[in-house]
Amino acid sequence: MIAVAAGANRIDPYIIPALDGVAYGLLVFVAAAGLVFCFGVANILNLAHGTLYAIGGYTAAALLDGGWLSLALALAVGVLAAAAAGVLLAGLLTPVATGNHLTQALLTFGVALAGGSLLVAGFGPDDPQVRVPAALDGSVVVAGHRYAAYRLVFIVVAAVIATALYLTVRRTRAGMLVRAAVDDPEMVACMGVSPGRIRAGVLAAAGALAGAAGVLGAPIIGPGADTADTVLLLSLVVVVLGGLGSMAGTLLAALAIGEIQTLGVALLPSAAPFLLFAAMAAVLAARARGLATSWRAT
Amino acid sequence: MMDEVIRRVRRSVAALVLVGLVVAPWVVDDYTAAILARTLALALVGVSVALLTGVAGMPTLGQTAPYAAGAYACAVVGSQISDVGVVQLVVAAGAGAVLAALTVPLVVPARGVIVLMITLAICELVVTVLGRWRSVTGGTDGLAGIAAVRPFWGLPALASDQARYLYTLVVVATLVGAVLLLLRTRVGLVLRAGRDDETRLRASGHRVPLYLSGAHILAGAIAGAAGSLLVVAQQYISPADFGFDTSALLLLGVVIGGTASVGGALVGAALVIAVRDWLFGVLPGHAPLVLGVLFVATVYLLPSGVKRVRGPRDRSQPPTVPPSRPDATPARDHATVPELRA
């Protein structure tokens, strides 16, 4: 009896960080899924991806006033604005040779620089406050601990988004095209689907995902001057860890990053700066392809 | 025709910039000399980027990582162990080379755009570590009050900005000369061959990953040495000096200079950094916006950056094999994504 209680006590302080890690990981998943699509399907290294997230974040900060209606409005506006920015990016990328990643990277970086500057000019240099709906502002009791209600609901919503994304990719015609374009882009082009339209569609979808993540995740990774950088870095690490085109690999990698950033920091505070590095090095050194070896198996 | 014009413009601009760099300390004031010294240090990092991106065919956004390692190693050595420039240079180059060697297993197996992504992640993670590892790096406040350097045992410490600039210039010239000489030997030939046709080079019995690892470590050492020059020029460092935007600016400079040309990279990087510093002085609030627009404009204007639209005029000409440009994208860039997936 005593031993069991001691065991529970040893685990107890880490329940909340672990739960936080799930919320963080799912947020990173929704944000990174767009980058994975860009990279795996359209073969574009989109360095402006973090800026798309920041658009959503700033929209949330500007529109949320504590009511449900404002959340719906912010979600709609944020998703549309970020998707539009994605289409704009696709338009800018059209004249650039598709195989030339150097110039793609430079172009998207220029857009990120200009976009970030415009966001700061429009919304002010200070990190804005984000107000979640009043009903979710309190905390609930989880396993004897108080936990922010918003994060708990966010976990559910993000899980729904992830499932919907999975079903879209697996079951719809658009998803089929996406998978086909990852597998054999030349064949897809031969079958009469314009690569330009796939690219525009994928960048719009990536923007929509990043925008949704930005609005819903604003209370977790809030809008600010270095949001774009943070989200881009986390998304890149997800891609490196999880490989391309595999939703399961991406999800696994995102959850691992979430746990490293919360539970890992709680367990090993002194090694905290190096944990992400160590995880990336370990995975890449063990297997250059990332966590998921075969994405067709998913 | 267009290529010829651009080549001439590049050459004349390069000549002007190089002459300007040599006469600068006698013409400009102290402040500008200090800024120019920092620009030179960054231009040396640009040379290491060109070595990886253009010569070895591994496009990189992460050379600020060994640059930062060298700078912090030099700052720690400079304030605690020795104020002799040669010692600091060797320590900084060693630190850069060690960091590069540690990241070899991450970078070398990848190709093309994957390298770009992994090196970017490494660069961002290094900046994060610099910001949090307070006991050594001073966190986001950085390290200040680093003692003035003396170039060699027995020489006086460099007290003026002019002297520090000249020291930087001499070191950069020596290192760039060494790199140019090295690339004229068989090493340069093998690296270029690996960039152009890796499969064939492997088939003829060359161990390409070994050469790439060597190039990566060498580039790390050069960037580390540049970090030591930054410490000499600024006498102050913080994580803000090594951000992802610096990497992107250097890559832009290298692409402008023609990725495979070491001298072009030096000049291109120096120009881009100078434009950035100038913009931040002229337009305090909107510099990133203008810089971003300049990025996009440059990409469109670059001859190798934008696909040529086939107009009616093109169709009237017989199809010709495009001339091989030295700054063309490495062939390795193409078969990238399948390699990660397979």
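# Asking how we know: a two-chain predicted model

Reader: How do you know how far to trust chain A?
Author: Look at pLDDT, the predictor's confidence in each residue on a scale from 0 to 100. Chain A averages 82, and 90% of the residues score at least 70. The ends are another story: pLDDT stays under 50 over residues 1-7 of chain A, and the model has 0 contacts beyond four places in sequence for them. Residues 289-298 of chain A also stay under 50, though the model has 28 such contacts there.

Reader: And what about chain B and the model's overall scores?
Author: Chain B has a mean pLDDT of 81, with 88% of its residues at 70 or more. The model scores ipTM 0.77 and pTM 0.82.

Reader: What share of chain A counts as buried?
Author: A residue is called buried if 20 or more other C-beta atoms lie within 10 Å of its own. By that test, 52% of the 298 residues of chain A are buried. As for contacts in chain A with a separation of 6 or more, 77% of them join residues 24 or more positions apart.

Reader: How do you know which residues of chain A are in contact with chain B?
Author: Two residues count as in contact if their C-beta atoms lie within 7 Å. With that cut-off, 43 residues of chain A are in contact with 44 residues of chain B. On the chain A side, α5 (101-123), α10 (227-242) and α12 (272-286) each supply at least two residues, and α5(A) gives the largest share, 14 residues. That side of chain A divides into 31 nonpolar, 10 polar and 2 charged residues.

Reader: Over to chain B: why does the length of helix α3 (residues 64-80) agree with what a helix should span?
Author: The 17 residues of α3(B), at 1.5 Å a residue, should span 24 Å, and its end C-alpha atoms are 24 Å apart, so the two agree. α3(B) is also mostly covered, with 14 of its 17 residues buried.

Reader: What makes α5(B) largely enclosed?
Author: Of the 20 residues of α5(B), 16 are buried, so the rest of the structure largely encloses this helix. Its span checks out too: α5(B), residues 113-132, reaches 29 Å from its first C-alpha to its last, close to the 28 Å expected.

Reader: How do you describe two packed helices?
Author: You give the angle between their axes and the distance between the axes. Take α4 (residues 85-107) and α10 (residues 208-234) of chain B: their axes come within 6 Å and cross at roughly 140°. The crossing of α4(B) and α10(B) is right-handed, and the residues of this contact are 15 nonpolar, 9 polar and no charged.

Reader: Which residues make the contact between α12(B) and α13(B)?
Author: The axes of α12 (residues 262-282) and α13 (residues 287-301) of chain B come within 9 Å and cross at roughly 145°. α12(B) passes α13(B) in a right-handed crossing. B:R276, B:L279 and B:F280 of α12(B) meet B:A287, B:V290 and B:L291 of α13(B). The residues of that contact divide into 5 nonpolar, no polar and 1 charged.

How values were computed
Residues numbered from 1 in each chain as written. Chains lettered and ligands numbered in written order. Predicted model: local features only at pLDDT ≥ 70, side-chain atom pairs only at ≥ 80, totals over all residues. Buried ≥ 20, exposed ≤ 12 C-beta atoms within 10 Å, placed from the backbone. Helix = DSSP H or I, 4+ residues; strand = E, 2+ residues; numbered from the N terminus. Nonpolar A, V, L, I, M, F, W, Y, C, P; charged D, E, K, R; others polar. Expected span 1.5 Å × (residues − 1). Axes fitted to C-alpha atoms, helices over the stretch in contact; angles between N-to-C directions. Left-handed = near helix turned anticlockwise from the far one by under 90°.
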